[in-house]
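Good morning, and thank you for coming. Please take a moment to look at the sequence and the structure on the screen.

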Amino acid sequence: MTQTAIEIAPDSALLVIDVQRGFDDASFWGPRNNPAAEENIAALMDAWKASGRPVVLVQHASRVAGSVLAPDQPGYAFKELVEQRRYEALLVTKTVNSAFYGTPDLADWLTARGIGQVVVAGIQTNMCVETTARMAGNLGYDVLVPLDATHTFDLAGPEGLALTADELATATAVNLQGGSFARVVTTAQLLAA
């Protein structure tokens, strides 16, 4: 990844996707990658607070039977790092992969404030983070994804196909930047901007 200077808009919104306790359940999800994800997410939330930029917290309310992210489960709650930083943040609740299909309407909220740039961090890299970033790119936002402020889990697919969490994160980076949906950056680049 090329380390180039990044410009962050004065009103750039940080979208913190699904940083919920249920993702700590290794028996449910399996092996994960990037153990530094939460530390990087916290650093970004602190930087956004210090700069007065808006933060959007996104919470997944699973409708899948037995999900650790169902609203009636303890795993639905935000992880402590988010709870400690819940200052004046918009809360979007969703039941699908994209934060743009949640309540309240994220695009309406961003448009009403004239926000044209979003930074997308959180869980899972190749699921809700990637889906939200792709949709934001399609809607015309300038999208930045600090890949090291995300994490995911190993995943099995059809007919014995499987990818590790690191392979999925690499695929997400290629999909987002190679497909011109977003620029893939690092937490350090954003903090230095």
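This is a predicted model: local features need pLDDT of at least 70, side-chain atom pairs count only at pLDDT 80 or more; totals for chains, interfaces and linings use all residues.

Let us begin with Ser12, which lies in the segment before strand S1, residues 13–17. Is Ser12 buried or exposed? Ser12 is buried, because its relative accessible area is 0%, and the cut-off for buried is under 20%. What surrounds Ser12? Leaving aside residues up to four places away in sequence, Ser12 touches Trp48, Arg53, Pro54, Gln117, Val118 and Val119. With Gln117 there is also a polar contact from side chain to side chain, at 2.9 Å.

I now turn to helix H6, which runs over residues 165–178 and has 14 residues. From the first C-alpha to the last, H6 reaches 19 Å, close to the expected 20 Å.

Which residues of H6 are buried? They are Ala165, Leu168, Ala169, Thr172, Ala173 and Leu176. These residues lie on the same side of H6, because they cover an arc of only 145° around the axis. The general principle is that an α-helix has 3.6 residues a turn, so residues three or four places apart point the same way.

Finally, just after H6, Ser180 adopts a positive phi of about 60°. Thank you for your attention.

Terms used. Residues are numbered from 1 along each chain as its sequence is written. Side-chain values use heavy atoms; hydrogens and water are left out. Helices (H or I, at least four residues) and strands (E, at least two) are DSSP runs, numbered from the N terminus. Buried means under 20% relative accessible area, exposed over 50%, partly exposed in between (1.4 Å probe, protein chains only). A polar contact is a pair of N or O atoms within 3.5 Å; within protein, one must be able to donate a hydrogen and the other to accept it, and residues adjacent in sequence count only if both atoms are side-chain atoms. Contact means heavy atoms within 4.5 Å. The expected span of a helix is 1.5 Å times one less than its number of residues. The arc is that of the directions from the helix axis to the C-beta atoms.
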